[in-house]
Amino acid sequence: MWEHAFDLMLRRLLQKGSLQVTLPNGQRHHYGDGSSVPLHVELHNMATVRHLVLNPELALGEAYMNATLTITEGDLHSFLGLIVKNYRNAPGIWWQRLLPRLRIALRRFTQNNVALRSRRNVAHHYDLSDTLYDLFLDPDRQYSCGYFRDPNDTLEQAQTNKKYHIARKLMIEPGMRVLDIGCGWGGMAHTLAQDFGAQVLGITLSQQQYAYASATADREGLANRVHYQLCDYRDVTGIFDRIVSVGMFEHVGLPHYDAYFKNIHDRLSPDGIALVHTIGWTGPPDATNPWIAKYIFPGGYIPTMSEVMQSVETSHLWTADVEVWRLHYAETLRHWSERFAANEDKVRALYDDRFVRMWRFYLAACEQTFRHGRQAVFQFQLSRRIDAVPLTRDYLYQSHTAQ
């Protein structure tokens, strides 16, 4: 029964490409129209077949990380690219429609990231070994999308481009007070202070990020210009000339969007500017992939532009500019994947084989979703005054001299 259901599922899903699957009983099946380089996967037990039939979005990642699914011809990126490209137009199977609908219906519960849950969610991902992140990120530890002004830009150049592009949108001037919501390891805050003369408060819920960023500020002589706090965004006080938030909005949770943007409004000076940089979903609202939610980013959610704007509209903020970055994150993840692959032995020494496969799958799946799916990056430039920023984008592309 399960073999038949599995065969029916893949024949509906894989209309393009070429995939051969070997089942646990030794049977081989071919799927697709033969239009791509052949791929071959093997399934090693019937429990995996059954799980893939019933809950494929969760089961695929689990099967790979548990080595009950192995790729014997081709590679993981090609395999996941094939799945993502076909998934967009697949008609689906009737029994697999219930779980996605249930996940969508429960979004406001699963993403109710109150302060305590937010701290636990952050610790799950960001309070891993410091060494792990050094093995695949740039030296500044930018763990968000780079900006590839040239396709040949290195990862380091793309991340520098990103920080400077954001700084220009914020129109930073020396002495300005800047709030960095979700400051990560401090790279953006340090750039705004060192290169643009700002006074920056960075907040994070990650103990390890807080310790690393604080130590770096002391080491680089920036302690008088950059300060960090272990603090929830809802607990910040004071008024700031500028607010920046890069890669943090994905962790806010759908029920808290109104409070998030009201907080930005209340913390922003009357002539202030805010910049929110987030992964975005360019299709209709959907639920978080269950494998990502379970193993990588609990409580995370990729918003549509309509979901974001609904809350911005009630916050009494002006939407001064919206920019959509296409494929930049795919290229960023390509660099991360290559660096992670080159250091897998070191990651394995920190954790184990299963962790290596889990993170290899995470990076590859995200890259293919940005490359062939409906994910992009949204940048929302917000202000309290209609004339807080220039009327055209010309100012973004003028030469800049660091302070």
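Visitor: Which helix is Asn161 found in?
Guide: Asn161 is in helix α9, residues 155–170. Helices here are DSSP runs of H or I with at least four residues, strands are runs of E with at least two, and both are numbered from the N terminus.

Visitor: How are residues numbered, and what kind of model is this?
Guide: This is a predicted model, in which local features need pLDDT of at least 70 and side-chain atom pairs count only at pLDDT 80 or more, while totals for chains, interfaces and linings use all residues. Residues are numbered from 1 along each chain as its sequence is written, and side-chain values use heavy atoms, with hydrogens and water left out.

Visitor: Back to Asn161: buried or exposed?
Guide: Asn161 is buried, at a relative accessible area of 10%. Buried means under 20%, exposed over 50%, and partly exposed in between, with a 1.4 Å probe and protein chains only.

Visitor: What is Asn161 in contact with, beyond its sequence neighbours?
Guide: Leaving aside residues within four places in sequence, Asn161 is in contact with Tyr147, Arg149 and Asp153. Contact means heavy atoms within 4.5 Å.

Visitor: Moving on. Where is His265, and is it buried or exposed?
Guide: His265 lies in helix α12, residues 257–267. His265 counts as buried, with 16% relative accessibility.

Visitor: Which side chain does the side chain of His265 join in a polar contact?
Guide: That of Asp266, at 3.1 Å. A polar contact is a pair of N or O atoms within 3.5 Å; within protein, one must be able to donate a hydrogen and the other to accept it, and residues adjacent in sequence count only if both atoms are side-chain atoms. Outside the four places either way in sequence, His265 is in contact with Ser315, His316, Leu317 and Arg384.

Visitor: How many disulfides?
Guide: The count is zero, taking a disulfide as a pair of cysteine sulfur atoms within 2.5 Å.

Visitor: New topic. How do the axes of α2 and α3 cross?
Guide: The axes of α2 (residues 46–54) and α3 (residues 56–65) come within 6 Å and cross at roughly 145 degrees. Axes are lines fitted to C-alpha atoms, for helices over the stretch in contact, and angles run from 0 to 180 degrees between N-to-C directions.

Visitor: Which residues make the contact?
Guide: On α2, Thr48, His51, Leu52, Val53 and Leu54; on α3, Pro56, Leu58, Ala59, Leu60, Glu62 and Ala63.

Visitor: How much of α3 is buried, and what do its buried residues pack against?
Guide: Eight of the 10 residues of α3 are buried, among them Gly61, Tyr64 and Met65. The buried residues pack against α2, β4 (69–73), α4 (76–87), α13 (290–295) and α17 (353–372).

Visitor: What follows α3?
Guide: Ala67, with a positive phi near 65 degrees.

Visitor: Last one: where is Thr110, and how far is it from Gly300?
Guide: Thr110 is in helix α6, residues 107–110. Thr110 and Gly300 are 190 residues apart in sequence and 9.0 Å apart in space, C-alpha to C-alpha. Thr110 is partly exposed, at 41% relative accessible area.
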